[in-house]
Amino acid sequence: MHTAKRQSGYQFDPSGGALCLDFANTVSHRHLPQRRAEHLGSYADLVAFADQSRLLPPKLAASLRARANRDHAGARSAFRKSIVLRESPYRAFSAIAAGRHVPPADVQQINDFALVALQHRKLAQRDGDYRWEWQSNGSDLLDRILWPVAKSAAELLTSEARAAIRECGAPDCEWLFLDHSRNRSRRWCDMKSCGNRQKARRHYQRAHA
Ligand SMILES: [Zn+2]
């Protein structure tokens, strides 16, 4: 879904099939300066994305919001990092979708974010159950949203699912998704928006040929 302008209450589109791809898709019409729509304009938008993607317990989302309100410099810094963490994987996965090699600088960037994320992994034991959790030392809590996104990017880059990465077939869209359709024939990021638009366009062109 591509709303024309960024607005509060934007519903992020989870059609990517991987967290890092949904995150890459938080800007629409990236390559069209006139129509580019940024859905991540502030740290608050980042929390909204994390909240809607169920990356965080609701309580933690609320405390991240409160913290960002107290620590503007910290929130700005975490937000700036999040945009780097969006654009580097975008370039990497867009290259893979086009059958090209990933630029080494982007591999390095994903590596660097993933290593920081790994330092915040903690094996937790609760009620006889064991699981990986994310642990902040307190001072880096505002970066908490970046860690699962970085992990997702590094995992997708190193997994066989990489072969299923596609870039939307609409010429004005560059959203990425995993094509898990049975015959690997999915062409659009979202059938409701891009798919129907492209069909209508082809229909119009045939009718007026
Ligand atoms: Zn699309």
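A residue counts as buried when its relative accessible area is under 20%. By this cut-off, helix H6 of the predicted model has the following buried residues: Leu146, Trp147, Pro148, Val149, Ala150, Ser152, Ala153, Leu156 and Leu157. Nine of the 12 residues of H6 are therefore buried, and the helix is largely enclosed by the rest of the structure. Several elements provide the surroundings. The buried residues of H6 pack against the helices H1 (19–24), H4 and H5. They also pack against strand E4 (129–134), strand E5 (165–167) and strand E6 (176–178).

The pairing of H6 with H5 was examined next. Two packed helices are described by the angle between their axes and the distance between the axes. Helix H5 covers residues 104–118, and helix H6 covers residues 146–157. Their axes come within 8 Å. The crossing angle is roughly 125°. An angle from 65 to 115 degrees would count as roughly perpendicular, and one over 145 as roughly antiparallel. H5 and H6 are therefore oblique to each other. The crossing of H5 past H6 is left-handed. On the H5 side, the contact is made by Ile110, Phe113, Ala114, Val116 and Ala117. On the H6 side, Leu146, Trp147, Ala150, Ala153, Ala154 and Leu157 take part. By class, this contact has 11 nonpolar residues, with no polar and no charged ones.

Helix lengths were then checked against expectation. The expected span is 1.5 Å times one less than the number of residues. For the 12 residues of H6 this gives 16 Å, and the end C-alpha atoms are 16 Å apart, so the two values agree. Helix H4 (residues 72–97) has 26 residues and should therefore span 38 Å; its end C-alpha atoms lie 37 Å apart, which agrees. Just after H4, Gly99 takes a positive phi of about 80°.

Two further residues were considered. Trp175 lies in the loop between E5 and E6. Its relative accessibility is 0%, so Trp175 counts as buried. Trp175 and Arg30 are 145 residues apart along the chain, yet their C-alpha atoms are separated by 8.9 Å. Ala62 lies in helix H3 (residues 58–70). Ala62 and Thr158 are 96 residues apart in sequence. In space, their C-alpha atoms are 33 Å apart.

Key:
Residues numbered from 1 in each chain as written. Predicted model: local features only at pLDDT ≥ 70, side-chain atom pairs only at ≥ 80, totals over all residues. Heavy atoms only, no water. Axes fitted to C-alpha atoms, helices over the stretch in contact; angles between N-to-C directions. Helix = DSSP H or I, 4+ residues; strand = E, 2+ residues; numbered from the N terminus. Parallel < 35°, antiparallel > 145°, perpendicular 65-115°, else oblique. Left-handed = near helix turned anticlockwise from the far one by under 90°. Contact = heavy atoms within 4.5 Å. Nonpolar A, V, L, I, M, F, W, Y, C, P; charged D, E, K, R; others polar. Buried < 20%, exposed > 50% of the residue type's maximum accessible area, 1.4 Å probe, protein only.
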